[in-house]
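Keep the viewer open as you read.

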Amino acid sequence: MKMLQFENPSIQGELKVPGDKSISHRSIMFGAISEGVTRVTGFLKGDDCLSTIDCFRKMGINITEKDDEILIEGKGFHGLKEPEEVLYTGNSGTTTRLLLGILAGRPFHSVVTGDESIAKRPMNRVTEPLKQMGASIDGRDNGNLTPLSVRGGKLKSFHYKLPVASAQLKSALILAGLQSEEETIITEPEKTRDHTEKMIRHFGGNIAREGNQIKVSGNQPFKAKDVHVPGDISSAAFFLTAAAITSGSSLVLKDVGLNETRTGILDVLKQMEADFSVNLTNDEEEPQGEIMISTSRLKGCEIAGELIPRLIDEIPIIALLATQATGQTVIKDAEELKVKETNRIDAVVEELKKLGADIHATEDGMIINGPVKLNGGQADSRGDHRIGMMLAVASLITDDAVHIKNHECISVSYPAFFEDLSHVTK
Ligand code: S3P
C-alpha cells in the first residue's frame, strides 16, 4: 500500500520520461530478426520490455546491457531456435501478441504464457488469423487463452480485414507476413500506431500503405541498425495532467516521442483549452520534442472515433483530467478498454468514484462531469500500471491522503515513477 499526501503542490521544472514502451519492444524484436549487432539507446527497462528480452534470450539470441545501451546480436528469423523453456511474457500484451506473429512462421514448437491478467485477455484475435495463415496454435478456450502452444511453419498468402483497431494485432500479422513466401495484405478499420512499419523501413525492409491498407512481402533481409527510443508520450501524459490540474505549475517534458499515431492526448489538451505548447526537436522517423505545460482552466470535450486508437492508453489519466474540466466530457467508441490489463472502463470509473468524482460508465466509454473537488481515501490499481499512476496523480488534488493498493505494478512501464513525481512536485 502506498500513501500519498500533498499540501497545495505545484508541478515545476524539467523531466525526461523513460523510453517508449511500444518502440522498446519492437527494437528487441527487430534487432533479433536482423543480421548483425543492433545497439539500442533510451530503452525502457520496465518489466514488460524485460519480458521481451527474456523471451528472445530463450530463443538463443544474445542480448547484453552495456552502460545505458542494449546490444542485440541478431541472427535473422532463421537464427531463432526452439526454446527449451516456456516463453513467459509477464503482464505484457504486446510481447504476447507480437511474439505469436513471429512464432507462427518458425518451424518449431513453443509455449507462450503470461501472468493472471494475460490469462484473461483475448488472444483469438491474433491466433485465428495466424491459424488461417497456416500456423498450428492451441490453448485454453480453443486457442483463445494462454498458455498457448505454437508450432509454426510455412505461411500462405493472406488478405485480412482487422475486426478491431489494434496495433498489436496488425503487428503480429505483419511479423508473420514477413516470413511468408507471398504477399500479405492487411486492412485496419482505423489507423493505429505505426511503429512496426517504421521499424521495418529502419532495418532496410519495405512495407507499403495506401489508405488503411498495408501490403508486406516475405523473405526480406533485415540488417542491424542502431535504434534510439524517444520518451514515452503515454508516460508523459501523467505529468501533463499533473501540471494542468495543480495550481502554480509550469513543467517542461524533454525528448517525448511525437509520432502522430500517438499524440491524441495533445489533441484532447487542445480541445480542453489547456495552456501548453510543443517544440519539435527531431523530425526523423520517430519524431520527438519538448512539451511545455502550465496550470490550465480546462473545458469538457468529446473524445471518440479515430482519435481513440491515438490515445487508447491515456484514457485513464484523461478521465482524471476531465474531473477538473468545466462541463461534460464524453468518451465513446472505446470498448477496447475492456480488454486491457484490466477492464479499464470499470477500473477507472469505480476507482475515481471512490475519490468523489462524478463519473459513470457507458457501453463503450464513460461520461465525466466537472469540476469536482476530489477527496482522499483507499483506492486500488487492480494490478494495472496505468490505473496506479492515475491514482497517484489524483492524490495531488485530493483534500486528504490517497492510499493506493497494489502500486508495485507501476514498474511495468515506469519503474522510477514515484521518484520522478517527487522530483517535480514542489
Ligand atoms: C500497443 C498497442 C495498443 C496499446 C498497448 C501497446 C503496441 O494495444 O494499448 O499498450 O505496442 O502495439 P492494441 O493495439 O491492442 O490496442
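Predicted model: local features only at pLDDT ≥ 70, side-chain atom pairs only at ≥ 80, totals over all residues.

Residues are numbered from 1 along each chain as its sequence is written, and side-chain values use heavy atoms, leaving out hydrogens and water.

Start with the open space. The largest pocket holds about 540 Å³. On a 1 Å grid over the protein atoms alone, a pocket is an open set of points with protein on both sides within 12 Å along at least five of seven lines; a cavity is a set where a 1.4 Å probe fits but cannot get out; lining residues have an atom within 4 Å of a point. Grid points are joined across faces, edges and corners, and a volume is the space filled by probe spheres set on the points. The pocket has 34 lining residues, and A165, S166, I312, E336 and K340 lie nearest its centre. Its lining divides into 18 charged, eight polar and eight nonpolar residues. Here Asp, Glu, Lys and Arg count as charged; Ala, Val, Leu, Ile, Met, Phe, Trp, Tyr, Cys and Pro count as nonpolar; the others, Gly among them, count as polar. Helices α1 (21-33), α3 and α6 (167-177) each supply at least two lining residues. Helices (H or I, at least four residues) and strands (E, at least two) are DSSP runs, numbered from the N terminus.

A search of the whole structure finds one cavity of 30 Å³ or more. The volume of the largest cavity is about 40 Å³. Its lining consists of D20, I23, H195, P230, I233, G257, L258, N259, R262 and E286. Four of these residues are nonpolar, three polar and three charged.

Why is helix α3 described as largely enclosed by the rest of the structure? Eleven of the eleven residues of α3 (residues 93-103) are buried, so the rest of the structure largely encloses this helix. Buried means under 20% relative accessible area, exposed over 50%, and partly exposed in between (1.4 Å probe, protein chains only).

Helix α7 (residues 195-202) is mostly covered, with seven of its eight residues buried. Those seven are H195, T196, E197, K198, M199, I200 and H202. H195 also belongs to the lining of the largest cavity. The cover over the buried residues of α7 includes α1, α6, β12 (208-210), β13 (213-217) and β14 (227-228). Just after α7, G204 takes a positive phi of about 90 degrees.

Next, strand β9. Strand β7 (residues 109-113) pairs with β9 (residues 145-151) in the antiparallel sense over four bridges. Two strands pair if DSSP finds at least two bridges between them. H109 has R151 as its bridge partner in β9. Strand β8 (residues 136-139) also runs antiparallel to β9, joined by four bridges. There, D138 is bridged to S149. A cis peptide bond joins T146 and P147, with omega about -5 degrees.

Turn to R310, in the loop between β18 (302-303) and α10 (315-323). R310 counts as buried because its relative accessibility is 17%. Leaving out residues up to four places away in sequence, R310 touches E260, T261, R262, T263, G264, I265 and D267; contact means heavy atoms within 4.5 Å. A polar atom of the R310 side chain lies 2.7 Å from the backbone oxygen of E260. The side chains of R310 and D267 make a polar contact of 3.1 Å. A polar contact is a pair of N or O atoms within 3.5 Å; within protein, one must be able to donate a hydrogen and the other to accept it, and residues adjacent in sequence count only if both atoms are side-chain atoms.

K354 sits in helix α11 (residues 344-354). K354 counts as partly exposed because its relative accessibility is 40%. K354 and A379 are 25 residues apart in sequence, yet 6.8 Å apart in space, C-alpha to C-alpha.

Last, the backbone. Most residues other than glycine have a negative phi, and most peptide bonds are trans. The bond from G370 to P371 is cis, with omega near -5 degrees. E273 is not a glycine, but has a positive phi of about 65 degrees. E273 lies in the loop between α9 (264-271) and β16 (275-282).
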